[in-house]
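Please look over the sequence and the model below before reading on.

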Amino acid sequence: MISTLIILLSDTDPATVEVAWEALSRVISSVPKELLPSYIKLVRDAVSTSRDKERRKRKGGPVLIPGFCLPRALQPVIPIFLQGLISGSAELREQAALGLGELIEVTSEQALKPFVIPITGPLIRIIGDRFPWQVKNAILSTLSIIIQKGGMALKPFLPQLQTTFIKCLQDNTRTVRSSAAFALGKLSAISNRVDPLVGDLLSGLQADDVGIREAILRALEGVIRNAGKNVSGAVQTRIYNQLKDMIYDNDDHIRSSSAGILGFVSQYLEDGQISEVLKELTDSASASSWTTKHGSVLAISSILRHKPSIVYASPLFTVVVNSLRSTLKDEKFPVRESSTRSLGRLLLHQIQSDPANTTAHSETLASLVTAMQDDSSEVRRRALSAVKAAAKVNPAAIIIHVSLFGPVLAECIKDGSATVRFAAERCALYTFQLTKGAENVQAAQKYISGLDARRLSKLPEHSDDSEDGEDDLVTG
C-alpha cells in the first residue's frame, strides 16, 4: 500500500494525487513508531520510481513529485526517516540520511520550508556522534541538498553547521573531508559573515597533514566562488599572501587548488598587487623546478579565466604571453597542458574583447596549432577544445585563419587517440560551421574529406556540452 500510494503521488490527475497523499498519511500513521525504520528501503525505492515517472513526463528542469509539493508535503514520510536516523543501526542511519536527501530533491522549496528545522537538527546531532564515515558522508550530502533548497530557512543553524563542517574537514576519511568542503562552500552563499569563516580556513592551512590542507583549500575555493564578493579587501589580501607560495607546492592537489583560488582572488586585488603577482608568476615560469613552473602557469591560467582583462591591459602582457609560449615547449606535459589551457583562455578573451585585432588572434592561434601537434594526446585534446571554444563564440574571427589550423586539424581527425579524434571532430564542426549549410561543407573539403565533412555536419550541435565542451576553458 505504501509503495503504491507513493507512486500515485506523481499521477497526472491532481485529485488522485491529493487522495493518495491523504491515504498515505493514514496508512503510515497506523504503523507503530518502532517499526517505521523497517520501511526505509521500500519508501526510497517508491520515491525513485515516482521520480522516474515524473522525469519521463517533463523535458529538462528540476524533477519534483506533485504529491511532495502539496502543503504539509513530507509529513507522512518524514517520521520513517527521522526514526531510522535517531534509533537505527549505523547502516540504517546511512540509508535514512540518504533517503532524506532524495526526498528533499523532489520536494518544492515552498513545501520544504516547514520541515527544514525538524530535519536539520537531528542530522547535526547524529554527525557529531561516533559513527562510521559512511553515515557522516550521507549526512553531509543531505545537508548540502538542504542548504541549496532550504536557503535562508537554515539561518538558525548557520553557526552549528559551520562548526560541524569545519570539524569534518579534519576527518580521517578523504570522502568525508571532500563532502564537508563542498557543503561549506554552499553554506557560505547564505552566510552574512564570511570573513571569520575565511580566517578560520586560512588558519587551518597550517596543518601538517596534506589531505587536511587539500580539503581546507577545496572548502576555501567553494567559499570564494559562492561568496567572494562578500570577503573584505583585507582578507582578500591575506588569502593572496598565504597562497602565493602554496602554488609551488610539491603536492598536485595543493598546487592546483591554490592556483585556482589565487586566480579568483586576483579580480579583487589592486593594480599594483596584480603587477606584483604577474611579475612573480612570469619569473617563476622559467624556474628550474617543474612544479614551480607548473604552479605559476596554473595561476596565470586561473587569472585568465576569472579576470582576463587585467592581464590583457597589463604592461606585463607581452612578458606573460612569451612566458606561456616558452612553457609550451617544456619537457613535462602537465606544464605544456596548462600553457595550452592558458593560451585558449587568452584567445577566447581576444576574440570577444578585441575582435578586429586579427594579428593578435593569429599569434595566439599559432601557439595552439603547435600544441595540436604535441607528443601528448592530452595536450593535443586541450588545444583542439580551446580552438573549438573560440569558434563557438566568434566563428568568423577563427575561420579567417583556416590556412593556419586547417591542415593540422585534418591530421588530428585521423589521430590514433580516440579522445583526440573526438575533440578534433567537434573542433571541425564549429570552426568550419558544418551545420550551417552545404557551402560550408563544400569549403571544408579543402582540408578534410568529403565523407568526414558530411558525417560531421549531421552531428547535433550541442552533443558535446556534457562531455568535453568549452568547459575546459571556463572551469578548472
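This is a predicted model: local features need pLDDT of at least 70, side-chain atom pairs count only at pLDDT 80 or more; totals for chains, interfaces and linings use all residues.

When neighbours within four places in sequence are left aside, Ile239 is in contact with Val198, Leu202, Ile224, Val231, Ile261 and Val265.

Ile239 also takes part in a contact between two helices. Packed helices of this kind are described by the angle between their axes and the distance between the axes. Helix 11 (residues 194-204) and helix 13 (residues 233-243) pack at an angle of about 15°, and their axes are 11 Å apart. Because angles under 35 degrees count as roughly parallel, helix 11 and helix 13 are described as roughly parallel to each other, and their crossing is left-handed. On the side of helix 11 the contact is made by Asp195, Val198, Gly199, Leu202 and Ser203, while helix 13 brings Val235, Arg238, Ile239, Gln242 and Leu243. Sorted by class, the contact of helix 11 with helix 13 has five nonpolar, three polar and two charged residues.

The last stop is Ser362, which lies in helix 20 (residues 358-371). Is Ser362 buried or partly exposed? With a relative accessible area of 22%, Ser362 is partly exposed, since buried means under 20%. Leaving aside neighbours within four places in sequence, Ser362 is in contact with His401 and Leu404. The C-alpha atoms of Ser362 and Ser302, which are 60 residues apart along the chain, are separated by 22 Å.

Technical notes:
Residues are numbered from 1 along each chain as its sequence is written. Side-chain values use heavy atoms; hydrogens and water are left out. Contact means heavy atoms within 4.5 Å. Helices (H or I, at least four residues) and strands (E, at least two) are DSSP runs, numbered from the N terminus. Buried means under 20% relative accessible area, exposed over 50%, partly exposed in between (1.4 Å probe, protein chains only). Axes are lines fitted to C-alpha atoms, for helices over the stretch in contact, and angles run from 0 to 180 degrees between N-to-C directions. Angles under 35 degrees count as roughly parallel, over 145 as roughly antiparallel, 65 to 115 as roughly perpendicular and the rest as oblique. A crossing is left-handed if the near helix is turned anticlockwise from the far one by less than a right angle, and right-handed if clockwise. Ala, Val, Leu, Ile, Met, Phe, Trp, Tyr, Cys and Pro count as nonpolar, Asp, Glu, Lys and Arg as charged, and the others, Gly among them, as polar.
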